[in-house]
Amino acid sequence: MKNNPTDSNREMRTRLLGVTALAAEYCVTIENAAEAEPDEFVAHMLHLLPRIYMEFNDIVPGRDLRKPGSHDHDCGCGDDCHCHHHHDDDDDDDEHECGCGDGCECGHGHHHHPHDEDEWDEYGTVSLEEDDDDPDDGYYGSYIDEDYYNSVRRHMGQLLGPDDVFLETFEEDMKYSDTPIAASVSECLADIFQPLYNFISIVKDTDGEQLEGAYRHAHEEFAAYWSQTLCNVLRALNHIYYNTLK
């Protein structure tokens with residue numbers, strides 16, 4: 001049975017609220033770094049960062065999300081085919097839909113129906129669509145000034161001590177250098193902290209009314225830079241945890 005728009009919107013909102021809670025946990029951990037023990041702090045980062053990456057990687061504005069329980073079916077279109085078999089009253093043959101928009105060579109007939117935006121469609125997916133008239137798509141300023149950014153970065157640097165510095169190969173300057181570039185764990189974590197802090201602050205200040213718009217903004221920054229920062233620092237944190245603290 002196909003979910004109605006209310007169900008799909010509620011499920012999407014629940015998913016985004018979960019991301020907000022995850023981002024808030026990360027930010028609180030960063031803000032409390034001065035009182036933490038190095039091993040506990042690094043372990044918590046290794047617990048949170050992969051989950052943050054997975055959530056931001058899965059929920060992509062403008063891209064269909066897989067409905068839990070939907071099926072993949074291989075067809076000749078070159079894309080995933082999300083098949084949901086159903087019966088018409090006057091037809092005993094199973095039919096299914098394919099998201100490719102072309103003929104599917106999987107051996108089943110196709111039965112396309114128009115569907116409303118933001119509801120579970122016949123493909124078993126739902127989109128977090130961008131809307132030019134969406135009031136959530138306004139300008140979002142920063143909630144963190146330079147002093148606060150430097151403060152949280154400094155506290156993490158003091159906590160990690162000499163382990164704060166690591167060699168990074170995924171740096172823009174590497175194309176001009178024959179040797180790895182020195183990077184800072186605390187600076188990387190602060191660079192992730194800033195967009196996530198802004199995200200949860202927008203949601204809090206608007207009582208959740210701009211949840212989707214704030215997420216779109218945070219995801220744009222995720223795709224632009226801090227997804228790579230997260231991957232870079234995760235490797236360094238893993239090295240600290242298993243080679244220095246153990």
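This is a predicted model: local features need pLDDT of at least 70, side-chain atom pairs count only at pLDDT 80 or more; totals for chains, interfaces and linings use all residues.

Colleague: What makes up the protein chain in terms of helices and strands?

Modeller: The protein chain has five helices and nine strands. Read from the N terminus, the order is α-α-β-β-β-β-β-β-β-α-β-β-α-α.

Colleague: Why is cysteine 27 called buried?

Modeller: A residue is buried when its relative accessible area is under 20%. Cysteine 27 has 1% relative accessibility, so cysteine 27 counts as buried. Cysteine 188, at 11%, is therefore buried by the same cut-off. Of the 246 residues in the protein chain, 41% are buried.

Colleague: How many disulfides are there?

Modeller: A disulfide requires a pair of cysteine sulfur atoms within 2.5 Å. By this rule the count is zero.

Colleague: What makes α4 largely enclosed by the rest of the structure?

Modeller: Of the 21 residues of α4, 15 are buried, so this helix is largely enclosed by the rest of the structure.

Colleague: How does the reach of α4 stand against the expected span?

Modeller: Helix α4 covers residues 185–205 and reaches 30 Å from its first C-alpha to its last. The expected value at 1.5 Å a residue is 30 Å, and the reach is close to it.

Colleague: Which residue with a positive phi follows α4?

Modeller: Aspartate 207 follows α4, and its phi is positive, near 50°.

Note on methods
Residues are numbered from 1 along each chain as its sequence is written. Side-chain values use heavy atoms; hydrogens and water are left out. Buried means under 20% relative accessible area, exposed over 50%, partly exposed in between (1.4 Å probe, protein chains only). Helices (H or I, at least four residues) and strands (E, at least two) are DSSP runs, numbered from the N terminus. The expected span of a helix is 1.5 Å times one less than its number of residues.
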